[in-house]
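Biologist: I want to learn how to read a model like this one. Can we take it feature by feature?

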Amino acid sequence: MDQDLSQQLFKRAQDVIPGGVNSPVRAFKNVGGTPIFFLSGIGPYLADVDGNHYIDYVASWGPMLRGYSCEPVVHALRDQSIRATSFGAPTLQEIEMAELVVDRVASIEKVRMVNSGTEATMSAIRLARGFTGRDRIVKFEGCFHGHGDSLLVKAGSGVMTLGLPDSPGVPADLAKHTLTLPFNDCQAIEETFASMGDDIACVIVEPIAGNMGVVPPIDGFLESLRKVTQKHGSLLIFDEVMTGFRVAPGGAQELYGVTPDITTLGKVIGGGLPVGAFGGTAEIMDQLAPMGPIYQSGTLSGNPLAMSAGLALLKTLDDEFYSNLEECTTTLVEGLLREAQATGIDLQINSVCGMFSLFFTTQQDVLSYEHVMQCDAERYRKFFREMLNNGVYFAPSPYESAFVGGSHTSMEISRTIEHASRALQSLV
Ligand code: KE4
């Protein structure tokens with residue numbers, strides 16, 4: 001596969017952009033080789049600057065739920081852009097977006113728009129700390145919530161020890177307020193809350209982990225988070241930046257029937273433009289300025305272009321969309337597992353509607369960060385490279401989710417399975 005121009009552009013990019021990319025995971029560090037520079041996309045297909053074409057399963061890390069150049073989104077952007085791209089003042093589209101979010105996500109009575117998932121989770125943490133008057137927060141190993149300082153924290157030496165910075169530049173004095181517990185470990189959460197629950201402002205969790213690959217919650221895990229936070233007056237934050245509007249109309253909270261106090265959203269709600277959001281009960285959300293004392297702001301928050309694109313996409317997501325997405329995801333996953341079995345390759349796949357991950361492992365279940373770390377990342381890298389060379393673009397990291405969208409048809413699914421068969425054989 002010719003990558004000459006991508007290689008030239010990557011070299012040029014590194015002269016003026018740190019690492020040549022505006023977000024680390026794009027640099028292909030986890031899979032080796034040169035990142036692909038893309039030129040255009042249509043439906044489930046991407047074209048790169050060297051003229052190569054790919055069936056895409058990255059979906060820009062989730063936003064492209066209906067594929068690229070989705071007509072309603074393109075038309076909405078065209079119509080809005082000739083009116084104005086930003087006012088820094090209220091618009092009708094912001095109300096329509098808020099009303100749609102409130103309508104679809106049962107736990108949200110009021111919602112505030114921001115410009116990224118990081119802003120959403122950072123703001124939600126501040127809101128929870130301000131609302132409860134507490135500093136301590138709980139997150140989980142393997143879950144990612146963007147690059148806010150309080151969330152770039154790793155577990156201390158023991159399960160209930162204070163957090164340590166997971167990046168230079170994060171003050172130890174801040175990191176110490178963040179506890180990092182094992183995902184899917186009900187006992188750890190119960191013990192932690194028994195010991196210090198009344199000091200904990202909130203628990204933030206990806207209800208379906210998508211940043212260590214897809215790791216769904218085990219039965220009772222989300223319920224245990226809801227129970228202990230309710231008992232100790234802490235808030236439960238579901239980070240649905242990735243799962244929101246993807247795994248079900250009302251997100252993972254609808255799928256699992258557990259109601260958080262605050263929900264963070266992003267990716268899909270912007271239709272490919274920079275958007276994040278956080279919402280919850282009116283009692284909590286009204287603590288935000290200008291209603292309440294907790295400050296949060298943003299020049300381009302609720303930007304009319306992003307609202308128009310997001311609304312255009314979200315309005316296309318009806319029941320038929322989700323049943324097709326579920327069916328498409330299942331067909332692909334079953335096909336990949338069938339080919340792995342036929343090839344004798346040990347492969348597990350975790351999947352939920354619209355998202356899945358491949359784990360090369362002999363383990364039966366991959367249900368924790370520890371399980372993920374025991375998987376064969378090198379095999380993933382070889383599989384990724386083989387698929388890429390055959391025109392199928394999976395996430396350039398074994399610790400990310402792959403995304404099926406509304407524009408993938410049985411043709412792309414069967415072609416992907418065919419290429420996977422050859423890629424898996426190359427691993428034997
Ligand atoms: P952004 O700030 O990247 O918009 O959102 C941060 C974020 C928050 N919460 C969850 C569950 C997320 O998955 C993310 C961002 N996801 C990563 C990859 N899974 C975005 C890709 C990147 O970092 O470039």
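This is a predicted model: local features need pLDDT of at least 70, side-chain atom pairs count only at pLDDT 80 or more; totals for chains, interfaces and linings use all residues.

Biologist: Start with sheets. In what order do the strands of the open sheet of 3 strands lie?

Modeller: Strands of a sheet pair through backbone hydrogen bonds, either parallel or antiparallel. Here the order is S13-S14-S16, and the pairing is antiparallel. S13 (347-352) and S16 (402-403) each have a single partner strand, so one side of each is left without a neighbour in the sheet.

Biologist: Which helix lies across S13 and S14?

Modeller: Helix H11, residues 319-343. H11 runs at about 175° to S13.

Biologist: What is the pairing in the open sheet of 4 strands?

Modeller: The pairing is mixed, with the order S1-S2-S3-S15. S1 (38-42) and S15 (392-393) are the edge strands, and each pairs on one side only. Further in, S2 (residues 45-48) and S3 (residues 53-56) run antiparallel, joined by 3 bridges. Tyrosine 45 faces isoleucine 55 of S3 across that pairing.

Biologist: Now side chains. Are the residues on the two faces of S8 buried or exposed?

Modeller: In a regular strand the side chains alternate between the two faces of the sheet. S8 spans residues 178-181, and both of its faces are covered. Thr178 and Thr180 are buried on one side, Leu179 and Leu181 on the other. S8 runs parallel to S5 (residues 136-140), with 4 bridges between them. Phenylalanine 140 has leucine 181 of S8 as its bridge partner.

Biologist: Which residues of the largest nonpolar core touch the most other members?

Modeller: In soluble globular proteins, nonpolar side chains tend to be buried together. This core has 77 residues, and those touching the most other members are Tyr57, Phe245, Phe356, Phe383 and Phe394. H11 supplies the largest share of the core, 8 residues. There is also a second, separate core of 26 residues, with Ile200, Met212, Leu236 and Phe359 among them.

Biologist: At what angle do H6 and H7 cross?

Modeller: Roughly 5°, with the axes coming within 10 Å. Angles under 35 degrees count as roughly parallel, so H6 and H7 are roughly parallel to each other. H6 (residues 186-196) meets H7 (residues 221-232) through Cys186, Ile189, Glu190 and Phe193 on its own side. On the H7 side are Phe221, Ser224, Leu225, Val228, Thr229 and His232. By class, the contact holds 6 nonpolar, 3 polar and 1 charged residues.

Biologist: Last, the backbone. Where is the cis peptide bond?

Modeller: Most residues other than glycine have a negative phi, and most peptide bonds are trans. The cis bond joins alanine 289 and proline 290, with omega about 5°. Proline 290 sits in the loop between H9 (282-285) and H10 (304-314).

Biologist: What is phi of phenylalanine 28?

Modeller: Near 65°, a positive value. Phenylalanine 28 lies in the loop between H1 (4-16) and S1. The residue counts as buried, at 2% relative accessibility.

Biologist: And is lysine 267 buried or partly exposed?

Modeller: Lysine 267 counts as partly exposed, at 24% relative accessibility. Its phi is also positive, near 50°. Find lysine 267 in the loop between S11 (262-266) and S12 (276-280).

Notes: Residues are numbered from 1 along each chain as its sequence is written. Side-chain values use heavy atoms; hydrogens and water are left out. Two strands pair if DSSP finds at least two bridges between them. Contact means heavy atoms within 4.5 Å. Axes are lines fitted to C-alpha atoms, for helices over the stretch in contact, and angles run from 0 to 180 degrees between N-to-C directions. Buried means under 20% relative accessible area, exposed over 50%, partly exposed in between (1.4 Å probe, protein chains only). A nonpolar core is a set of buried Ala, Val, Leu, Ile, Met, Phe, Trp, Tyr and Cys residues joined through side-chain atoms within 4.5 Å. Angles under 35 degrees count as roughly parallel, over 145 as roughly antiparallel, 65 to 115 as roughly perpendicular and the rest as oblique. Ala, Val, Leu, Ile, Met, Phe, Trp, Tyr, Cys and Pro count as nonpolar, Asp, Glu, Lys and Arg as charged, and the others, Gly among them, as polar.
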